[in-house]
Amino acid sequence: RFDMGNSPLVHYVLTDLIESGKLDSHVNSMRALYEKKCEVLIRSLLDHCSPYIDLSEPQGGYFLWVKSKKVSSDSLVRAAAAEGLIFPTGSVFFVDKSLDKFHFRLAFTRATCEHLTEAGKRLRNAFERVLD
């Protein structure tokens, strides 16, 4: 038998939610929370990084895909790490990594709204670091 990353704890919690009839309300509350977090991140990025990025509001999910207008995502990821902001380039999600040089993916579900508000400032600092 090979355990490929399925947590028994998650299975027990999910079973409890289903058996208690609370799964739908939990899913709805998580959707509302993730929507709020996504909106906070988008607002922060637009407030601080508009000259540097293009983005579209997602219809759902756990990530925000952003396109850098001025620098490669590789150089941006390195500069952002120096600002304490860690995220992957879009190219890591392609079999042929040369297909994308400017997109990056930001996760918003685990971060607090305070951190998401701060993310735009840190990303702007990373852009400025690369462009200087």
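Visitor: Which residues form a nonpolar patch on the surface, and what is their accessible area together?

Guide: This is a predicted model. In it, Tyr62, Phe63, Trp65, Val92, Phe93, Phe94 and Leu99 make up a nonpolar surface patch. Their accessible area together is about 680 Å².

Visitor: Is tyrosine 62 buried, partly exposed or exposed?

Guide: Tyrosine 62 sits in the loop between β1 (53-55) and β2 (63-68). Its relative accessibility is 49%. Buried requires under 20% and exposed over 50%, so tyrosine 62 counts as partly exposed.

Visitor: Is threonine 109 buried or exposed, and which residues is it in contact with, leaving aside neighbours within four places in sequence?

Guide: Threonine 109 belongs to the loop between β3 and α4 (113-131). With a relative accessible area of 15%, threonine 109 falls under the 20% limit and is therefore buried. Leaving aside neighbours within four places in sequence, the residues in contact with threonine 109 are Tyr34, Lys37 and Tyr62.

Visitor: Why does arginine 105 count as buried, and which residues does it touch beyond four places away in sequence?

Guide: Arginine 105 is part of strand β3 (residues 103-107). Arginine 105 counts as buried because its relative accessibility is 18%, and the limit is under 20%. Not counting residues up to four places away in sequence, arginine 105 touches Phe63, Leu64, Trp65, Phe87, Pro88 and Phe93.

Visitor: How many Å apart in space are arginine 105 and glutamate 118, C-alpha to C-alpha?

Guide: In sequence, arginine 105 and glutamate 118 are separated by 13 residues. In space, the C-alpha to C-alpha distance between them is 16 Å.

How values were computed:
Residues numbered from 1 in each chain as written. Predicted model: local features only at pLDDT ≥ 70, side-chain atom pairs only at ≥ 80, totals over all residues. Heavy atoms only, no water. Patch = residues over 30% accessible without salt bridge, like charges linked within 9 Å, V, L, I, M, F, W, Y side chains within 5 Å. Areas by Shrake-Rupley, 256 points an atom, 1.4 Å probe, with all protein chains shown as cover. Salt bridge = Lys/Arg side-chain N within 4 Å of Asp/Glu carboxyl O. Helix = DSSP H or I, 4+ residues; strand = E, 2+ residues; numbered from the N terminus. Buried < 20%, exposed > 50% of the residue type's maximum accessible area, 1.4 Å probe, protein only. Contact = heavy atoms within 4.5 Å.
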